[in-house]
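Good morning. Please have a look at it first.

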Amino acid sequence: MSNDPPLSFLTSFVDLDDAASSPLYRQLYVSIRTALTEGHLSSGTRLPSTRDLADQLGVSRNTVVSAFKELKSEGYLESRVGAGTFVCDNLPEQMTRAFSSSAENAASLQLADTESRTLSLSENARRVSDQSFTALDDPVPKTAFRQGIPALDAFPIDTWAKLASRRWRFLPSEKLVYGDSAGYPPLRKAIARHLRTSRGVRCEAEQVIVTSGAQHALSLAARVLLDPGDTAYVEDPGFPRMWAVFAAANADLRYAPINDEGIALSPLQTGETPTVVGITPSHQYPLGITMTMERRLSLLEWATRNDVWILEDDYDGQFRYSGEPLAALQGLDNAGRVLYAGTFSKTLFPALRIGFLVVPPDLVTPFVEMRATMDRCAPRINQMVLTDFITEGYLKQHIRKMRTLYATRQDTLLNAIEDELGDVIDISSSNAGLHLVGRLPQAVDDRAVSDHLADHGIIALPLSFYSNRSLDRGGLLLGYGCTSEEEIYEGVQRMSAALDSFGL
Ligand SMILES: Cc1ncc(COP(=O)(O)O)c(C=O)c1O
């Protein structure tokens, strides 16, 4: 009697979707390969004929023939003349993993091995995971009031796709090598020009290092500037991923409070002189305060006198909706103490993973050398497409459009809160950014409120997540960048009902 599995056994592993972008034969290939590598079909098993399998799956015979052909060329299947198609004796994955009848044993053996060992991690890694700095926001469902994400639905994907396909079509194959560790030169030039005109940053292209987002720029700065035990000041409330960067560098992390003018200077001036101070002067994260000119000048004067590096994170400085845009702090620095980090995550989209760091001229070489040890260089083709997007005027146009959109969304949020929750949430307008902070009544636990809202489908992260102290008043971060006006209205109504059932 034949030991071949019934046809239905094989088709139970097959998952085909007509609407998917990948062709059916490729989907069939992946399904059969997965069944093989997970050990559901052992070596020597005969597969059904291509005709029977095609009939059973309701696809053309060619689809099955193409999938089998691919599996044969990769050594999973073999044809035996006059006998049919069989699973090969030595499957490719067997080089790295035992499976077939002993698959589960093998897998659990691997787990048992790792379970019994004591992990010896670096102190840096332990400090980062002990404080779970990164357990905050990703991935967050697409719902009101997700913060930190721009209006993805308004991004001109067609334009981007057109520019990308043009680049690919005319790409000489020799461009498929590594790129410059400082970034694609025309992109560095385009970023420098853009920053000079739109953010008042004083820089030449040679000072711009293209990074994988602002997060990478902050990490790079910490690696170059900090020794273990050095003092690093951060803002409180602040950006926990910035804290994590300094913790990962084994710095002695200190927190400075924020007052009406920006970061408070007295803790910095009276304690151990720090090596680095990380700040968000244009639009303090998360409170939204813009550092006053007086505070900027005092900070710079103090940093210059004490040889302190200032790491300026200008993550969303492009989005101001009224008044004179305050230029970057870097533009006021005459002594080369400020390093300026920025990103295209907010102006374009986070998946792009392109940001930049502008460093004083004498820091360029050590930064580029360090960067080369991290990830060698940023992905080249995306940098080329982004260059075209900037130099052909699309970036400017998109930012202009987004300013109007975000100003409208912010207005909608403010009005809806005023109408529905004016007596519970204290919120004031800001002329910048993609989120607002709504303050809760005194003594209300913002984490409990945030959890309760999450149970009702509303994302509103608690302000206390962003602080290392106990705050006088908790609050909620309400993002509006990626939330349409209808969703904002509907979200505020749902929030109002949920807060009511919370007893507020
Ligand atoms: C304050 C702040 N800085 C930096 C970043 C990092 O941006 P990215 O690494 O996506 O460029 C973010 C992202 O949310 C942010 O909110």
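What you see is a predicted model, where local features need pLDDT of at least 70 and side-chain atom pairs count only at pLDDT 80 or more, while totals for chains, interfaces and linings use all residues. Residues are numbered from 1 along each chain as its sequence is written, and side-chain values use heavy atoms, with hydrogens and water left out.

The pLDDT is the predictor's confidence in each residue, from 0 to 100. Its average over the protein is 91, and 93% of the residues score at least 70. Residues 98–104 have a pLDDT below 50. Where pLDDT is low, the predicted coordinates should not be read in detail.

Now the cavities. On a 1 Å grid over the protein atoms alone, a cavity is a set of points where a 1.4 Å probe fits but cannot get out, a pocket is an open set with protein on both sides within 12 Å along at least five of seven lines, and lining residues have an atom within 4 Å of a point. Points are joined across faces, edges and corners, and a volume is the space filled by probe spheres set on them.

How many cavities of 30 Å³ or more does the search find? There are four.

Helices (H or I, at least four residues) and strands (E, at least two) are DSSP runs, numbered from the N terminus, and two strands pair if DSSP finds at least two bridges between them. Eight strands form an open sheet in the order 3-10-9-8-7-4-5-6, with mixed pairing. Strand 3 (208–211) and strand 6 (262–263) are at the edges with a single partner strand each, so one side of each has no neighbour in the sheet.

Strand 9 pairs with strand 10 (residues 355–358) in the antiparallel sense, over four bridges. Strand 9 (338–343) also supplies at least two residues to the lining of the largest cavity, as does helix 8 (185–199).

Terms used
Contact = heavy atoms within 4.5 Å.
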